[in-house]
Amino acid sequence: MWTVDRHIEASADAVWRILVDLDAWPEWGLTVAGAELDGAGFELGATGRVWTPVGVPLPFVISDIDFGRSWGWRVAGVPATRHGVEPEGAGCRVWMSAPLWAPAYLPVLEIALRRIERMAVSAA
């Protein structure tokens, strides 16, 4: 996977909450207009739908999770991005990975990291 990362002056817990808050996804994800879970919890095997900016809903499943640290998903049956956070000094390092076939998506992930930083720092 291709990975981008960024140091953020906010706690890893605060950033994790942003990463798993489906209502927040459209605020930081350029390719997400909305998202919903079928069940109550963000956990391994959880399913839902994510809407693209043009209004197309796509099914997703949380395909891996290390709660509080990282998660990855499959969208429309295709391996998609992974997201993670690690404590680092007074803040944390947040990262996102794109599949090997999607290096052109890295600039989108860079923008997402900057947006997450603004969200996390303003909430602190």
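In the predicted model, helix α1, spanning residues 12–20, is mostly covered, with 7 of its 9 residues buried. The buried positions are A12, A14, V15, W16, I18, L19 and V20. Helix α1 lies across strands β1, β4, β5 (70–75), β6 (78–88) and β7 (91–98), and runs at about 160° to β6. Helix α3 (residues 106–123) also packs on the sheet, where it touches β1, β6 and β7; its direction makes about 20° with that of β1.

The sheet itself is open and consists of 7 strands in the order β1-β7-β6-β5-β4-β3-β2, with antiparallel pairing. Strands β1 (2–8) and β2 (34–37) form the edges, each pairing on one side only. From one strand to the next, the twist averages 25°. Strands β3 (residues 47–51) and β4 (residues 57–66) run antiparallel and are joined by 5 bridges; within β4, P59 is the bridge partner of R49.

Across the whole structure, 6 salt bridges are found. One of them joins the side chains of R49 and E36, with an N to O distance of 2.7 Å. Because R49 lies in strand β3 and E36 in strand β2, this pair ties together parts 13 residues apart in sequence. R49 also forms a salt bridge with D38, the closest N and O atoms being 2.7 Å apart. D38 is in the loop between β2 and β3, so this contact with R49 of strand β3 ties together parts 11 residues apart in sequence. R49 is partly exposed at 27% relative accessibility, as are E36 at 34% and D38 at 46%.

A further salt bridge connects R82 and D64, whose closest N and O atoms are 3.1 Å apart. This pair links strand β6, which holds R82, to strand β4, which holds D64, 18 residues apart.

Terms used:
Residues are numbered from 1 along each chain as its sequence is written. This is a predicted model: local features need pLDDT of at least 70, side-chain atom pairs count only at pLDDT 80 or more; totals for chains, interfaces and linings use all residues. Side-chain values use heavy atoms; hydrogens and water are left out. Buried means under 20% relative accessible area, exposed over 50%, partly exposed in between (1.4 Å probe, protein chains only). Helices (H or I, at least four residues) and strands (E, at least two) are DSSP runs, numbered from the N terminus. Two strands pair if DSSP finds at least two bridges between them. Axes are lines fitted to C-alpha atoms, for helices over the stretch in contact, and angles run from 0 to 180 degrees between N-to-C directions. Contact means heavy atoms within 4.5 Å. A salt bridge is a side-chain nitrogen of Lys or Arg within 4 Å of a carboxyl oxygen of Asp or Glu.
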